[in-house]
Amino acid sequence: MTASVNVVSHPLVQHKLSLMRERDRSIKGFRELLNEIGTLLCYEVTRDLPLEMVEIETPMSPMKAPKIAGKKITFAPILRAGVGFLDGMLALVPSARVAHIGLYRDPNTLAAVEYYFKAPTDLSDRTAVLMDPMLATGNSACAGASLLKARGARDIRFVCLLAAPEGIAQFQKRHPDVPIWTAAVDERLDDHGYILPGLGDAGDRMFGTK
Ligand code: URA
């Protein structure tokens, strides 16, 4: 069975995404909005984390209270645009571990080429949240999920800002066990693998490199 695609339709997410799409949005504004949406998507992607009842003391009395069970989450941004979500997610889960995954798109083949990978040694007992703002061809997301699996990750969730139907199809084919969270599913890819209507190159717009 294929894992779900969760479109986060919350009005705050949708409003902020529309601001990000606007051609004249400043680099500063784009970056801030991506972080803010990162926080909101983090809230959604962690919605089903298991809780356990633990003994605590309030100023009034002892009680059993719910806390998140198990080891902490690993956030896994795909460099470079994935780091745009990171601070926003760490704002909600400050003790999370971070795995950096360096992949670039070969401009001719659009294939994902690995150039860096640094993760906590054992990912098998942590939830890994793989993140990249744009799920376009799906090549980077697929490679990122494969690298996490090779390091033992079993519970992986993928978070993006925008997805193309082509990217979703490819990702679900290669990683049917990994659910997706996205703020929107756009129409299609253009001939260069960019999402339409999309928002352009997320890395360039975050870092001002164009
Ligand atoms: N990467 C981007 O930054 N934008 C796209 O539209 C597709 C891939």
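Which polar backbone atom is 2.8 Å from a nitrogen atom of the ligand? That atom belongs to Gly200, and the table places this pair beside two others, each of them a polar contact (a pair of N or O atoms within 3.5 Å; within protein, one must be able to donate a hydrogen and the other to accept it, and residues adjacent in sequence count only if both atoms are side-chain atoms).

| Residue (backbone atom) | Ligand atom | Distance |
|---|---|---|
| Ile195 | oxygen | 2.8 Å |
| Gly200 | nitrogen | 2.8 Å |
| Ala202 | oxygen | 2.7 Å |

The protein covers 89% of the 240 Å² of accessible area that the ligand has on its own, where areas come from the Shrake-Rupley method with a 1.4 Å probe, and for residues only the protein chains shown count as cover. The residues that surround the ligand, each with a heavy atom within 4 Å of it, include Arg105, Met134, Tyr194 and Asp201.

This is a predicted model, in which local features need pLDDT of at least 70 and side-chain atom pairs count only at pLDDT 80 or more, whereas totals for chains, interfaces and linings use all residues. Residues are numbered from 1 along each chain as its sequence is written, and side-chain values use heavy atoms, with hydrogens and water left out.

A nonpolar core is a set of buried Ala, Val, Leu, Ile, Met, Phe, Trp, Tyr and Cys residues joined through side-chain atoms within 4.5 Å, and buried means under 20% relative accessible area, with exposed over 50% and partly exposed in between (1.4 Å probe, protein chains only). The largest such core has 36 residues, among which Phe75, Leu161 and Leu199 touch the most other members. Helix 2 (27–45) is one of the elements that give two or more residues to this core, and with seven residues helix 2 gives the most; helices here are DSSP runs of H or I with at least four residues, strands are runs of E with at least two, and both are numbered from the N terminus.

Thr137 sits in the loop between strand 9 (134–135) and helix 4 (139–150). Thr137 counts as buried because its relative accessibility is 16%, and its side chain reaches the backbone nitrogen of Asn139 at 3.1 Å. Leaving aside neighbours within four places in sequence, Thr137 is in contact (heavy atoms within 4.5 Å) with residues including Arg105, Leu110 and Glu166.
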